[in-house]
Amino acid sequence: MNIINEHEQSNGNNIIIESSAENNDINHYAFNPNGLRSYYNINNNNKKFIYIVFNLLVWASYITGLFYLDEISIEKVSPKFDKFFYGIVSYYPDCRDIRFELWRFFTMSFVHANITHISCNTVILFPLMYIIESSYNYKIVLLIYGIVSIYSGISYSYVSPYNKVIGCSHIVFAYTGSLLADYAINSKYMDKIMKKMLLFIIFIIIFIEIISFFFLKSDNIAYFYHWIGFFYGFIISLIFMWDKRTNKYNYKYLLISTNILSMLSVFFIYTYITNWTPQNINFPGNNISNSCCYQMFNDNQIKNNCRL
């Protein structure tokens, strides 16, 4: 998830990047070929296609955008079309309210800073989407993508209203959260090795994020977007994923998650609508007062060191 700076967008140079065994009357999905095929529905007749279509669209958007650059370069943002970037305030000096350009919640996922950015995202996203779609269905995959895109956007706007962000990293973390939700709901049906395998995948992704944040931290990366993507992916999956043995929803997780999401909805949707002009909420590590648009809104003057 990368942050876009307007000054660098305008001059075209640098962009800120932002199977089963019987045991105590419970069927377990054991870690063997038949067990994995059973758990992830690999042998069934349901066609799995969303994970392929989505990743192809991400790459098609990136490659097509390269041909619209002044000079084709895999080190530049593509497609370089700022109406695809997510944000709620347009670039200075326009500083226009763009909160209701709702397509931005989704189009940002199809814009990437460079070839490294899109490669890292899709190489993780592809298998994660495959696992979720195989284990459940394409509707769950689309549901997670749609809801996480909206909630992540409005939550990030509360924290960093003057930034623009691009990329599908938040969706990568959303499906990682979905794996954790699947584990919470269905781990009682998995044997020890299968549990460890699933937890290992989740751990590796989170571990890489921790290393990146604490040792390779960059101001160009919207880490908060990653984290809220993971959180919303986890919460939403607890609501919509079901028990694999009974084919029923886990009402305990459903009740807890629905209440959490409802409270967050009231707060963030309310602030998204009413917090204009966006104010500084003093979120740790974030200072929006150096934004040119913020200074124009609040001081009616622009300081020399303001960030476009």
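This is a predicted model: local features need pLDDT of at least 70, side-chain atom pairs count only at pLDDT 80 or more; totals for chains, interfaces and linings use all residues.
Residues are numbered from 1 along each chain as its sequence is written, and side-chain values use heavy atoms, with hydrogens and water left out.

A disulfide is a covalent bond between the sulfur atoms of two cysteines. Here the term is applied to a pair of cysteine sulfur atoms within 2.5 Å. A search of the whole structure finds 2 disulfides. One of them joins C95 to C293, with an S to S distance of 2.0 Å. The torsion about this S-S bond of C95 and C293 is about -85°, so the disulfide is left-handed. C95 lies in the loop between α3 and α4 (104-107) and C293 lies in helix α11 (residues 292-299), so the pair ties together parts that are 198 residues apart in sequence. Helices in this text are DSSP runs (H or I, at least four residues), numbered from the N terminus, and strands would be runs of E of at least two. Both cysteines are covered by the protein: C95 is buried at a relative accessible area of 5%, and C293 is buried at 3%. The term buried means under 20% relative accessible area, exposed means over 50%, and partly exposed lies in between (1.4 Å probe, protein chains only).

C292 and C306 form a disulfide as well, and their sulfur atoms are 1.9 Å apart. The link of C292 and C306 is right-handed, with 75° about the S-S bond. This pair links distant parts of the chain, since C292 is in helix α11 and C306 is in the segment after α11, 14 residues apart. C292 is buried, with a relative accessible area of 0%, and C306 is buried at 15%. When the bonded cysteines of the protein chain are numbered in sequence order, the pairing is 1-3, 2-4.

A salt bridge is a side-chain nitrogen of Lys or Arg within 4 Å of a carboxyl oxygen of Asp or Glu. R96 forms a salt bridge with D94, where the closest N and O atoms are 3.3 Å apart. R96 also forms a salt bridge with E101, and here the closest N and O atoms are 3.2 Å apart. R96 is partly exposed, with a relative accessible area of 37%. Of its two partners, D94 counts as partly exposed at 45% and E101 counts as buried at 12%.

Another salt bridge is formed by D243 and K188, with the closest N and O atoms 3.4 Å apart. D243 lies in the loop between α9 and α10 (251-274) and K188 lies in the loop between α7 (169-186) and α8 (192-215), so the pair ties together parts that are 55 residues apart in sequence. D243 counts as buried at 8% relative accessibility, while K188 counts as partly exposed at 35%. Salt bridges that share partners join D94, R96, E101 and R104 into one network.

Helix α9 (residues 223-240) has 18 residues and reaches 26 Å from its first C-alpha to its last. This is close to the 26 Å expected at 1.5 Å a residue, where the expected span is 1.5 Å times one less than the number of residues. Helix α9 is mostly covered, with 14 of its 18 residues buried.

In helix α6 is S157, which counts as buried at 5% relative accessibility. A polar atom of the S157 side chain lies 2.9 Å from the backbone oxygen of G153.

L142 is likewise found in helix α6, and at 40% relative accessibility L142 counts as partly exposed. F49, V53, L57, Y138 and L142 form a nonpolar patch on the surface, with about 420 Å² of accessible area together. Patches are made of residues with over 30% relative accessible area and no salt bridge; like charges are joined within 9 Å and nonpolar side chains (Val, Leu, Ile, Met, Phe, Trp, Tyr) within 5 Å. Accessible areas come from the Shrake-Rupley method with a 1.4 Å probe, and for residues only the protein chains shown count as cover. Helices α3 (50-66) and α6 (138-159) each supply at least two residues of the nonpolar patch.

Notes. A polar contact is a pair of N or O atoms within 3.5 Å; within protein, one must be able to donate a hydrogen and the other to accept it, and residues adjacent in sequence count only if both atoms are side-chain atoms.
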